[in-house]
Amino acid sequence: MNSPGVDPKELARIEAYFASPEFVTDDGDDDVFETALAADEAFKAWSEQNLAEHRAPGYAIATISLKSIGAVPGDATSEQMRMIADMAETFGHDEIRISHEQNVVLPHVRKRDLPAVFAWLQTVGLATANVGLISDIIACPGMDYCALATARSIPIAQDIARHFSDSAYAKTIGEMKIKISGCINACGHHHVAHIGILGLDRRGVESYQITLGGDHTETLAIGLGLGFRRKKLCRLFSA
Ligand code: SF4
């Protein structure tokens, strides 16, 4: 594909860095995956929520949620990071991608290896099956870590995730993007979330503006907002 104004040779040079790995042709051993789905409810739930279709037969795209309920969104311990690196080396053609949703993606995993991937994830507390659900919240560091913040982001995300910890209920709600920014710099992209939360300082009181109806996809939409003090915000989500 030629892009206007871009030297095709330069494009080819860059493309070479993103060459696909050589995928193994299906050798008929994919019933390992199907058998595990039938035998293990937790693996089935994780597969339904955290896997995406891959263009190569017998492969899947696996998203590792860094949103275990009540944890700091997007955080991983050194032990978890080592495990993810080992998994990428063992099962994922040495590739890891970090999504803007603050999760980790293994882009090329053979389906037959997914039960093992899931078992490894369980040992380090990374097997949460909530990708795309209401507890898969994007939160900026907010006042806990950022000198520019006017309100906290992380505790709000933790409270909401805990409130919707029932996975059956979260699935009933369906896909839901909550994004939280701790100030008007909007690093959490709250303005394009289904529910956006913007932290503000109103006369020394942590306050939040909620925006509704944003959309970060190609049909881009900016959410419309209402302001709340922190206590009222917590009551709103627990109503
Ligand atoms: S939105 Fe504000 S508080 Fe959050 S990371 Fe960006 S600058 Fe910091």
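## A36 and its contacts

Leaving aside its neighbours within four places in sequence, A36 is in contact with F43 and P115; contact here is when the C-beta atoms of two residues, placed from the backbone, lie within 7 Å. This is a predicted model, where local features need pLDDT of at least 70, side-chain atom pairs count only at pLDDT 80 or more, and totals for chains, interfaces and linings use all residues. Residue numbers start from 1 along each chain as its sequence is written.

A36 sits in helix α2. Helices are DSSP runs of H or I with at least four residues, strands are runs of E with at least two, and both are numbered from the N terminus. A36 has 19 C-beta neighbours inside 10 Å, so it counts as partly exposed. For that label, 20 or more other C-beta atoms within 10 Å of a residue's own make it buried, 12 or fewer make it exposed, and anything in between is partly exposed. A36 and A116 are 80 residues apart in sequence, yet 9.9 Å apart in space, C-alpha to C-alpha.

## Helix α5

Now for α5, which covers residues 114–123 and has L114, V117, F118 and L121 buried. Seen down the helix axis, the buried residues of α5 fall within an arc of 100°, so they line one face of the helix. That arc is taken from the directions running from the helix axis to the C-beta atoms.

What do the buried residues of α5 pack against? They pack against α2 (31–39), α3 (41–50), β2 (59–64), α4 (78–91) and β4 (104–110). Just after α5 comes G125, with a positive phi of about 70°.

## The sheet

Four strands make an open sheet in the order β1-β2-β4-β3, with antiparallel pairing. β1 (51–53) and β3 (97–98) are at the edges with a single partner strand each, so one side of each has no neighbour in the sheet. Strands pair when DSSP finds at least two bridges between them; β2 and β4 have five, in the antiparallel sense. I64 has V104 in β4 as its bridge partner.

## Two domains

The chain splits into domain 1 (15–123) and domain 2 (138–238), with bounds from an automatic or database domain assignment. Their centres, taken over C-alpha atoms, are 28 Å apart. Eight residues from domain 1 and nine residues from domain 2 take part in the contact.

## Around the ligand

The ligand has 13 residues around it, and the closest are C140, C146, G182, C183 and C187.

Notes: Near = placed C-beta within 6 Å.
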